[in-house]
Amino acid sequence: MSENGSSVHRVVIIGSGPAGWTAAIYASRAELDPVCVIGVPRQDPSPVLPGGQLMLTTDVENYPGFPEGVSGPEMMDMFQKQAERFGTKVVNEDVQSCDFSSRPFKLKLGSGEEMLAHSVIIATGATANWLGLENELRLATGGGGVSACAVCDGALPIFRDQHLAVVGGGDSAMEEATFLTKFASRVSVIHRRDSLRASKIMQERYLSQPNAEVVWNKTVVDVLGDERITGVVLEDTVTGERSEMEVAGLFIAIGHTPATKFIEDAGIELEDTGYIKLGGHSSATNIDGVFAAGDVADSEYRQAITAAGMGCMAALDAERWLGAKGL
Ligand code: NAP
């Protein structure tokens with residue numbers, strides 16, 4: 001099929017985490033000749049990689065089928081190989097913007113090239129949140145010792161045998177903090193409440209380490225240090241009292257924001273939380289022929305396995321939609 005000489009893809013998948021690759025596996029097995037636009041690596045200020053958040057994860061122990069666990073990057077590599085085995089075409093670019101106002105849909109790539117598609121599956125996931133403090137962001141680049149990814153940066157020599165802090169109280173904070181206990185002399189999880197949000201097993205794994213502690217009811221209100229972090233200023237969320245804590249590294253693990261910037265003018269309806277709004281038990285968005293899957297459309301579960309399940313749903317929905325349109 002072609003329009004003005006350019007071929008129109010039946011389905012373009014944007015994103016390459018568990019949702020994107022699963023959509024690609026299903027769409028390619030359905031002989032829809034899918035194209036998967038996987039994104040390019042960037043610093044934001046921590047790494048954002050094709051393959052998504054699992055590229056920054058150590059062991060995945062809760063994905064069925066891997067009784068011994070599997071590393072996140074290894075798992076994404078397997079997903080990609082499985083999708084390519086059935087003919088998925090991989091494009092190593094970012095989608096910068098989408099025009100869903102006429103058909104076929106037009107996707108503008110980072111190279112400036114335009115890609116045409118009858119249907120689109122958005123599976124761009126989410127990226128790490130920052131506290132938003134001026135000194136936090138300044139020291140998050142160029143080896144300043146502030147990071148949103150312990151798994152990427154925690155093993156660096158500057159953090160060895162040092163006192164390190166992790167902000168957050170969820171599973172990510174526990175995972176990052178547990179990882180850091182292997183290298184640090186002491187790890188302090190700084191949490192704004194008096195109980196953790198993290199699952200019991202992750203809490204226990206962290207708290208069973210001899211060099212692990214939790215600093216309760218505190219927020220980080222400033223980060224100290226010129227070239228490199230030397231400490232943080234804490235504020236007690238109950239008394240409002242301020243104090244300083246010396247640390248040689250600060251890891252932010254306070255959740256994620258869905259990656260939807262490239263569709264901000266494309267008319268896709270979002271939830272109040274910024275996640276893509278889906279129509280009931282379906283992957284359909286408000287635009288006919290545009291589907292969404294994974295963390296970009298899921299503020300609730302955000303697991304590799306749920307993202308993969310949503311990717312499957314999106315491919316099946318796209319296949320049925322294309323069939324109904326005779327495409
Ligand atoms: P999350 O569950 O949303 O937890 C975010 C944490 O950061 C919460 O404790 C929250 O505090 C705190 N927080 C948020 N904004 C803050 C701010 N501005 N200042 C200070 N603290 C702030 O996010 P997550 O830990 O990234 O986990 C996301 C999902 O991934 C979850 O479903 C989780 O189970 C899953 N996950 C699973 C694994 C695993 O099983 N291996 C690993 C990582 C993540 P409050 O508690 O006060 O809201």
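Modeller: A salt bridge here is a side-chain nitrogen of Lys or Arg within 4 Å of a carboxyl oxygen of Asp or Glu. The model is predicted.

Biologist: How many salt bridges does a search of the whole structure find?

Modeller: The search finds nine. One of them joins the side chains of Glu61 and Arg205, at 2.9 Å from N to O. Glu61 sits in the loop between strand S6 (59-60) and strand S7 (70-71), while Arg205 belongs to helix H6, so this pair ties together parts 144 residues apart in sequence.

Biologist: Is Arg205 exposed, partly exposed or buried?

Modeller: Arg205 is partly exposed, because its relative accessible area is 34% and that class lies between the limits of 20% and 50%.

Biologist: Which residue forms a salt bridge with Arg242, and how accessible are the two?

Modeller: The partner of Arg242 is Glu235, with 2.8 Å between N and O. Arg242 is exposed, with a relative accessible area of 55%, whereas Glu235 is partly exposed at 24%. Another salt bridge links Glu269 and Lys277, whose closest N and O atoms are 3.5 Å apart. Here Glu269 is partly exposed at 38% relative accessible area, and Lys277 is partly exposed at 36%.

Biologist: Where do positive charges gather on the surface?

Modeller: A patch of positive charge is formed by Arg192, Arg193, Arg197 and Arg302. A residue joins a patch only if its relative accessible area is over 30% and it has no salt bridge. Arg193 has a relative accessible area of 33% and is partly exposed. Its place in the chain is the loop between strand S15 (186-190) and helix H6 (200-207).

Biologist: How do strands of a sheet pair?

Modeller: They pair through backbone hydrogen bonds, either parallel or antiparallel. In this model, five strands form an open sheet with parallel pairing, in the order S13-S20-S14-S15-S16. Strand S13 (146-147) and strand S16 (212-215) stand at the edges with a single partner strand each, so one side of each has no neighbour in the sheet.

Biologist: Over how many bridges do S15 and S16 pair?

Modeller: S15 and S16 pair over four bridges, in the parallel sense. Ser188 has Glu213 in S16 as its bridge partner.

Biologist: Which strands pair in the antiparallel sense over four bridges?

Modeller: Strand S9 (residues 95-99) and strand S10 (residues 105-109) do. A hairpin of five residues connects S9 to S10. Across the pair, Ser97 stands opposite Lys108 in S10.

Definitions and conventions. Residues numbered from 1 in each chain as written. Predicted model: local features only at pLDDT ≥ 70, side-chain atom pairs only at ≥ 80, totals over all residues. Heavy atoms only, no water. Patch = residues over 30% accessible without salt bridge, like charges linked within 9 Å, V, L, I, M, F, W, Y side chains within 5 Å. Areas by Shrake-Rupley, 256 points an atom, 1.4 Å probe, with all protein chains shown as cover. Lys, Arg positive; Asp, Glu negative; His and termini not counted. Charge placed at Lys NZ, Arg CZ, Asp CG, Glu CD. Helix = DSSP H or I, 4+ residues; strand = E, 2+ residues; numbered from the N terminus. Buried < 20%, exposed > 50% of the residue type's maximum accessible area, 1.4 Å probe, protein only. Pairing = 2+ DSSP bridges.
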